[in-house]
Amino acid sequence: MIQETGLDPACSPAANLLAIAPPGCGKTELLARRAVHLLGGLQPHQRILALTFSNRAKQNLRERLLRTLGPQRFSRHVRVTNFHGHAADIIRAHGRTLGLDPATPMPGRSTLADAISLFTDGLDIGPAFNRRKAIEAALTAAKQGPYDDDEVREALAASGNTFAQQIEAKRLAEGIFHYEDLLRHAQRLLRVEEIARLYQLHYGAVLVDEFQDLSPQQLDIALASSSASRTFVGDPLQGIFSWAGARPAEVERELRNICGEPRRLTLSYRSSPAVLDVVNHVAARLDDVADLRSIRPDAWPRGGAAATASFNSGGEEAGWIVDRATEILSAFPKATIGVITRSGWRRKYVDAAFSDAAHLRCQRWDLAIEDNAMVQRLVATVAQLPRQADMERLRSAVLGGIDPSDVDTMEQATNALSEFERLAIQAGSLAAAAAQLRIVEEGSAIEPGVHLLNAHTGKGQQFDWVFVPGFEDWHIPDGRADTAEQLAEELRVVLVMVSRARHGVVITRARSLISKAGNPYATRESQWWPVIVEACPMNANTLAQHISELASQGAPRDESVSAPPQASEQVRTEVAEDSVATGTVGQ
Ligand SMILES: Nc1ncnc2c1ncn2[C@@H]1O[C@H](COP(=O)(O)OP(=O)(O)OP(=O)(O)O)[C@@H](O)[C@H]1O
């Protein structure tokens with residue numbers, strides 16, 4: 001547990017701590033150990049607030065904290081939530097102070113998207129995209145501070161975007177919130193001294209993962225929620241959310257003022273030397289000097305794997321990935337394999353190929369109904385309902401069991417219920433549909449098998465093997481990136497994708513793809529393809545050979561890959577999320 005700098009930063013006596021580390025160096029783990037260290041200094045009534053960005057990240061951090069603290073200390077002393085959930089908590093507990101109705105239904109991420117689509121439906125893709133971007137930009141700019149509705153209205157009028165003005169006027173008339181309103185209202189409420197003091201008394205410490213993804217508004221909320229001790233961990237090299245309002249440089253400057261010089265970690269607990277070579281090559285292109293090393297380089301069989309391969313078509317590429325995944329999983333049934341594309345549109349080939357590969361366990365991360373926790377919730381609820389219960393009954397039972405402040409889970413459940421409804425119509429009954437859902441009993445966030453996802457959803461996660469298809473121009477970098485800053489962010493996206501790998505990373509491209517109209521067109525390789533090829537010693541043939549050698553080494557069939565043991569294997573939790581999530585104060 002001691003990092004190479006000497007003392008474990010998690011045990012630093014400093015009230016405020018900033019830690020920076022490249023991928024896999026244990027930032028999330030550090031937060032868990034920091035929580036243990038901070039527990040001793042809490043007052044009996046106090047808790048630690050752990051803030052993340054997404055539900056997946058919340059699940060990841062929750063799992064680590066739970067494992068490190070144990071269920072009792074965890075449920076008594078820790079509240080893990082994401083920023084929107086925390087903001088919703090604050091509004092529900094104190095909204096009346098500013099004339100907000102706390103009973104207002106909490107919005108999902110798509111509430112605004114639906115409102116915007118009224119103004120973009122029927123337009124061609126390009127004009128629709130530009131109009132949506134302009135509307136979002138106007139609304140985001142108008143709401144990224146502790147502004148009241150009048151100030152938002154004035155800012156929108158000044159922006160000149162009449163669509164944004166109409167959307168905001170409709171929102172006010174309907175008395176609803178959009179996702180973006182939650183943070184500004186929470187920020188306004190925390191400007192009320194008495195309210196901020198309540199939170200600061202309640203939360204003896206705040207922990208924030210991935211500080212590089214913070215917007216100044218989120219930073220303000222985190223700082224106002226706890227004053228005694230603040231810990232921020234992150235990695236500017238993994239900053240890939242500037243389009244969503246993150247301001248890594250500005251936030252890091254402010255954090256250095258509060259926390260002083262950052263502690264730096266440089267040893268990777270996650271990845272093999274072969275994977276780290278690729279990560280270091282990409283980091284070097286970002287002018288980063290961090291030479292990431294494996295904590296146990298010799299423990300990885302054959303040093304891990306890094307390969308590139310080119311194919312004639314997207315279909316051929318996808319079929320080849322299915323074949324390699326099949327070989328890996330038949331030798332190592334517990335292996336986790338991430339197939340990560342930069343963007344959803346480039347996934348159609350692998351989506352189709354894995355749909356045909358019924359022998360493989362495969363999860364699509366953008367389908368709410370494939371989330372294990374959600375599946376468990378649905379199956380358990382169906383089992384409790386009378387046999388003749390209908391979809392409406394199921395919907396109200398499922399949604400009624402979710403903390404109303406947990407806006408992301410609420411939205412995920414709504415999506416999962418729509419997907420389940422389609423399944424139930426096909427299957428003939430709720431029970432028959434529930435019987436078709438697959439529950440994985442292990443508590444781990446990442447289950448054995450294949451996971452199909454996009455770059456941004458994979459943030460903070462890890463897989464034994466990572467395949468990155470689609471290393472072509474327009475997909476990587478994204479065709480819409482043209483400024484130097486946007487291109488640097490695209491390269492950071494590449495870094496995030498390849499650094500999810502533990503044992504092996506495989507990067508591929510197709511020379512031709514099929515257009516929406518069904519016509520084949522030639523692609524060009526990504527401008528970063530040569531960088532990747534230089535860092536990857538293997539090709540399609542030598543990779544296949546590597547996999548068969550690993551298999552024939554006689555590793556136990558139930559192991560994920562014959563690599564160093566990982567602390568993350570495995571947590572089983574008895575603690576229900578909802579029983580933990582009480583954190584409102586001042587009621
Ligand atoms: N001190 C440690 N001892 C043993 N294993 C560790 C330690 N720190 C981290 N690990 C393991 O290494 C892996 C990577 O750690 P972690 O996810 O915390 O890294 P990270 O810095 O948050 O990565 P990223 O920035 O890519 O999200 C995990 O499996 C974790 O359990």
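Which residue in β5 does A19 stand opposite?

**Orientation**

Residues are numbered from 1 along each chain as its sequence is written. This is a predicted model, in which local features need pLDDT of at least 70, side-chain atom pairs count only at pLDDT 80 or more, and totals for chains, interfaces and linings use all residues.

Colour the protein by pLDDT (the predictor's confidence in each residue, from 0 to 100). The mean is 87, and 91% of the residues reach 70 or more. The model scores ipTM 0.96 and pTM 0.82. Next, select residues 1-5, where pLDDT stays under 50 and the model has 11 contacts beyond four places in sequence; two residues are in contact if their C-beta atoms, placed from the backbone, lie within 7 Å. Select also residues 564-587, where the pLDDT is below 50 and the model has 44 contacts beyond near neighbours in sequence. Where pLDDT is low, the predicted coordinates should not be read in detail.

**The sheet**

Helices (H or I, at least four residues) and strands (E, at least two) are DSSP runs, numbered from the N terminus. Display the open sheet of 6 strands, which has the order β3-β2-β4-β5-β1-β6 and parallel pairing; two strands pair if DSSP finds at least two bridges between them. At the edges stand β3 (78-82) and β6 (263-264), each with a single partner strand, so one side of each has no neighbour in the sheet.

Now select β1 (residues 16-20) and β5 (residues 230-234): these strands run parallel and are joined by 5 bridges. Here A19 stands opposite V233 in β5. Axes are lines fitted to C-alpha atoms, for helices over the stretch in contact, and angles run from 0 to 180 degrees between N-to-C directions.

**Helices α14 and α22**

Select α14 (residues 314-331) with α22 (residues 540-552); they pack at an angle of about 15°, with their axes 9 Å apart. The two are therefore roughly parallel (angles under 35 degrees count as roughly parallel, over 145 as roughly antiparallel, 65 to 115 as roughly perpendicular and the rest as oblique). Show side chains for W320, R324, E327, I328 and A331 in α14, which meet A540, A544, I547, L550 and A551 in α22.

**Helices α5 and α6**

Finally, select α5 (residues 110-120) and α6 (residues 125-143), which pack at an angle of about 135° with their axes 10 Å apart. That angle makes α5 oblique to α6. In this contact, I116, F119 and T120 of α5 meet A128, R131, R132 and I135 of α6.
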